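Me: I would like to read this model feature by feature. Please give the general idea, then the case here.

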Amino acid sequence: MRNFIKLVENIDCESQSPHHMWTGPTKTHKARGDKSKDVIYGRFYFTDFNGNYKDLGAHRAMYMFDNRNFDLKADKSVYNGNWHVSHKCHIHLCVNPDHLVFEPQPVNNSRDACKHKHVCTGHGIYGCCIL
């Protein structure tokens, strides 16, 4: 419960936006497909059930709490790095649970085309993009 409160304290819930924007710590990564661009993701630092200090993407933490699925480990190696918590809205600091989906990496990658074309091409059972 303490970790959930800490997570929620770092979300901007005051705006009228449908996006719940992360206001806590961030980490910059190189954009997939265009290494000249930086992408900023929220980072959530917490203590796990064993008392170990961990960090993971804020959107991943929100997905875990919202779905009560704590089997999603902070370490992606559990899924060989092939599963992602994706932003259907393409906004990397958004942690709105309705905008997040757990899907295979190829589906996550296919969302890039939708973002650039401003039209969702569909993603089967994983739901359409929010554009």
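Reply: Start with burial. Buried means under 20% relative accessible area, exposed means over 50%, and partly exposed lies in between (1.4 Å probe, protein chains only). Helices (H or I, at least four residues) and strands (E, at least two) are DSSP runs, numbered from the N terminus. This is a predicted model: local features need pLDDT of at least 70, side-chain atom pairs count only at pLDDT 80 or more, and totals for chains, interfaces and linings use all residues. Residues are numbered from 1 along each chain as its sequence is written, and side-chain values use heavy atoms, with hydrogens and water left out.

Me: How many residues of strand β6 are buried?

Reply: Four of the five are buried, so strand β6 (residues 83-87) is mostly covered.

Me: Which strand does β6 pair with, and in what sense?

Reply: Two strands pair if DSSP finds at least two bridges between them. Here β6 pairs with strand β7 (residues 100-104) over five bridges, in the antiparallel sense. Within that pairing, Val85 has Phe102 of β7 as its bridge partner.

Me: What lies in the loop between β6 and β7?

Reply: His99 is in that loop. His99 is buried, at 7% relative accessible area. Its side chain makes a polar contact of 3.3 Å with the side chain of His19. A polar contact is a pair of N or O atoms within 3.5 Å; within protein, one must be able to donate a hydrogen and the other to accept it, and residues adjacent in sequence count only if both atoms are side-chain atoms.

Me: Why is helix α2 called largely enclosed?

Reply: Because seven of the 10 residues of helix α2 (residues 58-67) are buried. Among the names to look for are Ala58, His59 and Met64. After α2 comes Arg68, with a positive phi near 50 degrees.

Me: How many salt bridges are there?

Reply: A salt bridge is a side-chain nitrogen of Lys or Arg within 4 Å of a carboxyl oxygen of Asp or Glu. By this rule there are three. Asp38 bridges to Lys30, with closest N and O atoms 3.0 Å apart. Asp38 is partly exposed, at 49%. Asp55 bridges to Arg43 at 2.6 Å. That pair links distant parts of the chain, strand β5 (residues 53-57) for Asp55 and strand β4 (residues 34-47) for Arg43, 12 residues apart. Asp55 is partly exposed at 32%, while Arg43 is buried at 13%. Glu103 bridges to Arg111 at 2.8 Å. Both Glu103 and Arg111 are buried.

Me: How many disulfides does the structure hold?

Reply: A disulfide is a covalent bond between the sulfur atoms of two cysteines. The test is a pair of cysteine sulfur atoms within 2.5 Å. The structure holds zero. Cys89 is in none, and its nearest cysteine sulfur, that of Cys94, is 3.8 Å away. Cys114 is in none either, with the sulfur of Cys129 nearest at 3.8 Å. Cys89 is buried at 7%, and Cys114 is buried at 0%.

Me: Which residues form a nonpolar patch on the surface?

Reply: Patches are made of residues with over 30% relative accessible area and no salt bridge; like charges are joined within 9 Å, nonpolar side chains (Val, Leu, Ile, Met, Phe, Trp, Tyr) within 5 Å. Here Phe4, Ile5 and Val8 form one, with about 220 Å² of accessible area together. Val8 is in helix α1 (residues 2-8). Val8 is partly exposed, at 33%.

Note on methods
Areas by Shrake-Rupley, 256 points an atom, 1.4 Å probe, with all protein chains shown as cover.
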